[in-house]
Amino acid sequence: MTTRWLFGDQLGPHFVDDHRGPLLMVEARSVFRRRRFHRAKAHLVLSAMRHRAAQLGDRLAYVKADTYGEAVRDLDGDVEVVHPTSYAALGLVERLGCRVLPPRGFATPREDFERWADGRRGKLLMEDFYRRARLAHGVLVDGGDPAGGQWNFDHDNREPPPKGATTLGVSDPWWPTEDDIDAEVREDLDRWERDGDVQFIGRDGDRRFPATRREALAALDHFVEHRLPEFGAHEDAILEGDPWMAHSLISAPMNLGLLDPLEVAERAEEAYRSGAAPIASVEGFVRQVIGWRDYVWHVYWHMGDGYRRENGLRATGRIPQWFAELDGDATDARCLSHTLDQVATYGWVHHIPRLMLLGSYALQRGWAPTQVTDWFHRAFVDGYDWVMVPNIVGMSQHADGGRMMTKPYTSGGAYINTMSDHCGSCRFDPKVRVGENACPFSAGYWWFLDRHRETFEANHRMSRAVRGLDRLKDLAELVEQEDRRGNRAP
Ligand SMILES: Cc1cc2nc3c(=O)[nH]c(=O)nc-3n(C[C@H](O)[C@H](O)[C@H](O)COP(=O)(O)OP(=O)(O)OC[C@H]3O[C@@H](n4cnc5c(N)ncnc54)[C@H](O)[C@@H]3O)c2cc1C
Ligand code: SF4
């Protein structure tokens, strides 16, 4: 009889449904020993795996072992596994002689992406991929045309936070209630840490993300009913009093395999069709779920295992201790301090703090992309190799020479000041780039451009910004200031 081995991110029914034989799940301690993960992430993954094991009962052998290999080698008979989500895991199952089934949990099949990419001569525009996916899956499509008359509502979805508001005022996200399995996980993690076996970053706290299919569906329903209508307009905005804004918080359950992206997109479409949510919000959300998420998955495989080591900007700096340890108190830069503190508490912040604060700071300071990838992977509850490598190497650190994104995502303090309420209570001034009050992002932006002048002068989306360097009378002073500051917490 063939055993199907389920990895810890293959926890939904679609990873089992066609299989009638025995099932195996392995809780490998070595995974936690190798890397210092966020405590909330370790808790979520173990809780989700153990909940799934409890549901599947006698059908599933739940093996606690030191390594995957030792658990799988002892099995009688053949072993099959749905295509794992990392190069390392794929290599392992191949070495162990497992039969690998096609991937699940993504909307577009690998072959379709590769066929599309073949005809693109290296220009892998997400927008084109996404429109094809909408047509292929019939999502938000009316007889071949986009629902609502447009493919893209980005223009409506980039509003700054509402003036004077401290929160968006939408209902709170759905929160889980912990149970005995969570209590057991907490005890185990405390013990492992006490024994010096495993170390974590971040704080322990109530589990915030779904660990079962039932919880994931409840979270999705709650989001679609109460928060999706507001998703679009302020998607990119940041308010200190409202960490969640109108985001869905479903990356973690989707990446654990508890929800399938097509069911999520279809659920959102229903809300539009029934008049419960406006097209701009629904399109903006569907774009993330079957556009960006799938695109990133395919880029991971398309670029090959070596992609993670690309370093087109030759950034070799080390992540400083204060940042690595999520120490928000170490810095006076209000935006960084607040964001690091949120990561320490939840293991989650939304897309813009990841991209335009944490990622942008790493890019400006010239930290090695491999280190940045590893840090994000460990610090975020939804971080997995497939999603982190393209988001860091391609999107946030522009380390692939622009193969994924045509220009780097970084900015001075002016952008942060427009899109957030951080700057008002900061000791730095976003308009000042040199001197005591110089905003580290405003100075860092020009410092970064100056270091890479030659690379970006030839990029038509960056050449204007590069020419701006020549208008800065205080550039030499700025460069000296930032050379001195380097990795010291601002
Ligand atoms: C530097 C950086 C690191 C990131 N790391 C991760 C990560 O480890 N895991 C992860 O799932 N997402 C990652 N993202 C993408 C995105 O920030 C998160 O998916 C999102 O913030 C999760 O919150 P949410 O579920 O409320 O998302 P929403 O804003 O509600 O968006 C809906 C869904 O869209 C998907 N999505 C949107 N953009 C992306 C993207 N670029 N890559 C993959 N999925 C996307 C996610 O599944 C998300 O749940 C990263 C982005 C950046 C810039
Ligand atoms: S002034 Fe600069 S450092 Fe301070 S919050 Fe604004 S962007 Fe961040």
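Predicted model: local features only at pLDDT ≥ 70, side-chain atom pairs only at ≥ 80, totals over all residues.
Taken as a whole, the chain is made up of 21 helices and seven strands. Its radius of gyration is 23 Å, close to the 23 Å that the globule rule gives for 490 residues, so the chain is as compact as a globular protein of that length. Along the principal axes, the C-alpha atoms fill a box of roughly 75 × 60 × 45 Å. As for burial, 58% of the 490 residues count as buried. Contacts reach well along the sequence, too: of those between residues at least 6 apart, 74% join residues at least 24 apart.

The chain carries 63 positive and 75 negative side chains, with the centres of the two sets 4 Å apart.

Just after helix 2 comes Gly 57, with a positive phi of about 55°. Setting aside residues up to four places away in sequence, Val 45 touches Leu 256 and Tyr 384.

Ser 360 belongs to another helix, helix 14 (residues 351–365). With 0% relative accessibility, Ser 360 counts as buried. Beyond its neighbours within four places in sequence, Ser 360 is in contact with Leu 355, Tyr 409, Thr 410, Ser 411 and Phe 441. How far apart are Val 45 and Ser 360, in sequence and in space? They are separated by 315 residues along the chain and by 28 Å from C-alpha to C-alpha.

Helix 10 (residues 261–273) passes the length check as well: its 13 residues should span 18 Å at 1.5 Å a residue, and its end C-alpha atoms are 18 Å apart, which agrees. Its buried residues are Pro 261, Leu 262, Val 264, Ala 265, Ala 268, Glu 269 and Ala 271. An α-helix has 3.6 residues a turn, so residues three or four places apart point the same way. And what covers the buried residues of helix 10? The cover includes helix 6 (126–137), strand 6 (141–142), helix 8 (213–226), helix 9 (251–255) and helix 11 (279–303). After helix 10 comes Gly 275, whose phi is positive, near 80°.

Finally, a loop residue. Gln 150 is found between strand 7 (145–146) and helix 7 (180–194). With a relative accessible area of 38%, Gln 150 is partly exposed. Gln 150 and Glu 283 are 133 residues apart along the chain, yet their C-alpha atoms are separated by 9.3 Å.

Note on methods: Residues numbered from 1 in each chain as written. Chains lettered and ligands numbered in written order. Heavy atoms only, no water. Helix = DSSP H or I, 4+ residues; strand = E, 2+ residues; numbered from the N terminus. Rg over C-alpha atoms; globule rule 2.2 N^0.38 Å. Buried < 20%, exposed > 50% of the residue type's maximum accessible area, 1.4 Å probe, protein only. Contact = heavy atoms within 4.5 Å. Lys, Arg positive; Asp, Glu negative; His and termini not counted. Charge placed at Lys NZ, Arg CZ, Asp CG, Glu CD. Expected span 1.5 Å × (residues − 1).
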